[in-house]
Amino acid sequence: MQTCALTDLDIWQRVRQDDGAAFKVLFDRYWEKLYVYALNRLPSESDAQDVVQDVMISLWSRRATVNITTTLAAYLHAAVQYEVLAFLSRASKLAGRKEELEKTVLPAFISFLDPLQLKEFQSLVEAEVSRLPEKMQQVYRLRQEKDLSVREISRLLDVSEQTVRNQLNASYHKLRKHLKEAMLTAIFFQHF
């Protein structure tokens, strides 16, 4: 395919007709510009790569329904800008929730337990953590027990920071689900 001769409109029309080669041309034409834009607004290279990849994957999967009313370059730029904002919002909420739990809910709950209940609860937490899938457990332990940052875990395990965040979110979700009943039981027995 003569890529230099194709206009963005030509490429987009071919992409809409399921032309994978045209999508590769589009990807190669815009990847670096979009990546640099995202990298200037995000804390790491892997986060910027994830954002641009998400935009490109979304564009390909929605190619039949996306109606671009501006230029392709403007559309892609706006899509990356939106994805960067969404990424920062998710990261902020996650950090806020974790901080809130650490500062308010968890100390209140632990102070509520007597030492024997606390020891039993810690054993239960350890048992639930050991039931997590191996990679998820490794990420969880590095974050919670070694107090490593997402970036440090990403580098140590040679995975993207988004992968680390996803593993942490999944582990928190699983643990929350399994430990909720134990917390309610502890609270129930404390009152009776």
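Modeller: Let us begin with the word helix: helices (H or I, at least four residues) and strands (E, at least two) are DSSP runs, and they are numbered from the N terminus. Helix H3, for instance, covers residues 45–61, and Val52 has its place in it. Please keep in mind that this is a predicted model, in which local features need pLDDT of at least 70 and side-chain atom pairs count only at pLDDT 80 or more, whereas totals for chains, interfaces and linings use all residues. Residues are numbered from 1 along each chain as its sequence is written, and side-chain values use heavy atoms, with hydrogens and water left out.

Colleague: How many helices and how many strands does the secondary structure of the protein chain come to?

Modeller: The protein chain has 8 helices and 0 strands, and its elements, taken from the N terminus on, accordingly read α-α-α-α-α-α-α-α. For contacts, which means heavy atoms within 4.5 Å, the protein chain can be described by sequence separation: of its contacts with a separation of 6 or more, 59% are between residues 24 or more positions apart.

Colleague: And what share of the residues in the protein chain is buried?

Modeller: Buried means under 20% relative accessible area, exposed means over 50%, and partly exposed lies in between (1.4 Å probe, protein chains only). Of the 192 residues in the protein chain, 34% are buried.

Colleague: Let us return to Val52; is it buried or exposed, and which residues does it touch?

Modeller: Val52 counts as buried because its relative accessible area is 0%. If residues up to four places away in sequence are not counted, Val52 touches Trp31, Leu34, Tyr35 and Ala38.

Colleague: Where is the place of Glu128, and is Glu128 buried or exposed?

Modeller: Glu128 belongs to helix H5, residues 115–130, and Glu128 counts as buried because its relative accessibility is 10%. With residues up to four places away in sequence left out, Glu128 touches Leu175, His178 and Leu179. Leu132, in the loop between H5 and helix H6 (134–144), also has Leu175 in its contact list, together with Gln137, Tyr140, Ser171 and Lys174, under the exclusion of residues up to four places away. Leu132 is buried at a relative accessible area of 7%, and its C-alpha atom lies 7.1 Å from that of Ser171, a residue 39 places away in sequence.

Colleague: Which residue follows H7, with a phi that is positive?

Modeller: That residue is Asp158, with a phi near 55 degrees, a positive value although Asp158 is not a glycine. Asp158 lies in the loop between helix H7 (150–157) and H8, and it counts as exposed because its relative accessibility is 70%. Asp18 is also not a glycine and has a positive phi, of about 65 degrees, and its place is in the loop between helix H1 (8–16) and helix H2 (20–39). Within H1 itself, Asp10 is partly exposed at 29% relative accessible area, and its C-alpha atom is 8.9 Å from that of Ala22, 12 residues apart along the chain.

Colleague: Finally, how many residues line the second largest pocket?

Modeller: On a 1 Å grid over the protein atoms alone, where a 1.4 Å probe fits, a pocket is an open set of points with protein on both sides within 12 Å along at least five of seven lines, and lining residues have an atom within 4 Å of a point. The second largest pocket is lined by 10 residues, and Ala91, Leu94, Ala95, Arg143 and Val150 lie nearest its centre. Helix H4 (72–112) and helix H8 (161–191) are the elements that give two or more residues to this lining, and H4 gives the most, with 4 residues.
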